[in-house]
Amino acid sequence: PAVEFGLDAPFTVEFHDAVESTNAVARERATDGASDLVVLADEQTGGRGRLDREWSSPPGGIWLSVLTRPAITPARAPLYTLAASVATARTAREAGVDARIKWPNDVVVPAGENGGYRKLAGVLTEMEGETDRVAWLAVGIGVNANIDANALPEGATTVRDEAADVDRRRFVQRLLEAFDDARTDLEAVVPAWRELALTLGQRVRVDRPAGAVVGEAVDITAAGALVIETDAGEERTTVTVSAGDCEH
Ligand code: BTX
């Protein structure tokens, strides 16, 4: 059922009390030809992270997927993920949370020394298309909003625990408006991401199929890849990683 959201962004919002995964619903809607559609749920019974990991999605959180049909090549799709992270971090900051971004897609709150963090939100982008053109793209955003952190996996935090409960409708409005702004000005996404990054300047380990890269995260490229100065051997070498699991 579509709900009236009073949005200052061109999205239709479809709300569910509970679904398996809003990304799965978005994929179905994409097959039916929909676009600029937001699938929002109070609870997900089978929420997913990257690499088929589970994403805990109890009632009280914000679980949504934004389905769009951007005129971009798949190589530019990571910018949409960064745009979603930037929009989520900005909205959480407005709610009083010290939200930062851990490359590529986690919205985290700094904890302890040495780049430690707790995870507040995550982004999972899925798409279909040809090599030269994206057919559709669904950006899934999960925000631990009005939930007790102890109901979530180790290492998680919530807006409730960091600040106070939020008006979720208002939070979703602000989030979608911020995402719409970011996607319409993709060139501004990387600079905005840099400003919010917790990862830059940290010692990181990125696991990827081709092997692990260890070193200092120094920048991200215009396409959103992480630039790492490795310390293998005597010379410092720069390695650019476009995807992988990052720890710091
Ligand atoms: P990820 O693979 O980076 O993170 C998944 C890992 O995070 C899990 O293995 C677990 O350790 C931890 N985790 C699980 N649930 C939570 C939670 N609620 N808070 C903090 N940490 C958690 C991140 O994947 C991408 C998540 C996207 C979720 C959205 S929600 C709407 C949409 N629908 C859907 O099924 N997924 C997306």
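Trainee: How many bridges join strand β11 to β12?

Mentor: Good place to start, and keep in mind that this is a predicted model. Strand β11 covers residues 226–230, and β11 and β12 run antiparallel. The number of bridges joining β11 to β12 is five.

Trainee: Which strands are the edge strands of the open sheet of five strands?

Mentor: Let's read the order across the sheet, which is β12-β11-β10-β9-β13, with antiparallel pairing. An edge strand here pairs on one side only. That picks out β12 (237–241) and β13 (245–247).

Trainee: By what angle are neighbouring strands of this sheet turned against each other on average?

Mentor: Direction is ignored for this value.

Trainee: Why is helix α2 described as largely enclosed by the rest of the structure?

Mentor: Helix α2 spans residues 77–94, and its first and last C-alpha lie 26 Å apart, close to the 26 Å expected. A residue counts as buried if 20 or more other C-beta atoms lie within 10 Å of its own. The helix is largely enclosed because the buried residues number 15 of the 18.

Trainee: Which element gives the most residues to the shell around the ligand?

Mentor: There are 29 residues around the ligand, and S21, G49, G122, G140 and G142 come nearest. Elements that each supply at least two residues of the shell are α1 (22–31), β4 (62–68), β7 (117–130) and β8 (133–143). With four residues, the one that gives the most is β7.

Trainee: How many residues of that shell are charged?

Mentor: The shell also holds 10 nonpolar and 13 polar residues. The charged ones number six.

Technical notes. Residues are numbered from 1 along each chain as its sequence is written. This is a predicted model: local features need pLDDT of at least 70, side-chain atom pairs count only at pLDDT 80 or more; totals for chains, interfaces and linings use all residues. Two strands pair if DSSP finds at least two bridges between them. Axes are lines fitted to C-alpha atoms, for helices over the stretch in contact, and angles run from 0 to 180 degrees between N-to-C directions. A residue is near a molecule or strand if its C-beta atom, placed from the backbone, lies within 6 Å of it. Ala, Val, Leu, Ile, Met, Phe, Trp, Tyr, Cys and Pro count as nonpolar, Asp, Glu, Lys and Arg as charged, and the others, Gly among them, as polar. The expected span of a helix is 1.5 Å times one less than its number of residues. A residue is buried if 20 or more other C-beta atoms lie within 10 Å of its own, exposed if 12 or fewer, and partly exposed in between; C-beta atoms are placed from the backbone.
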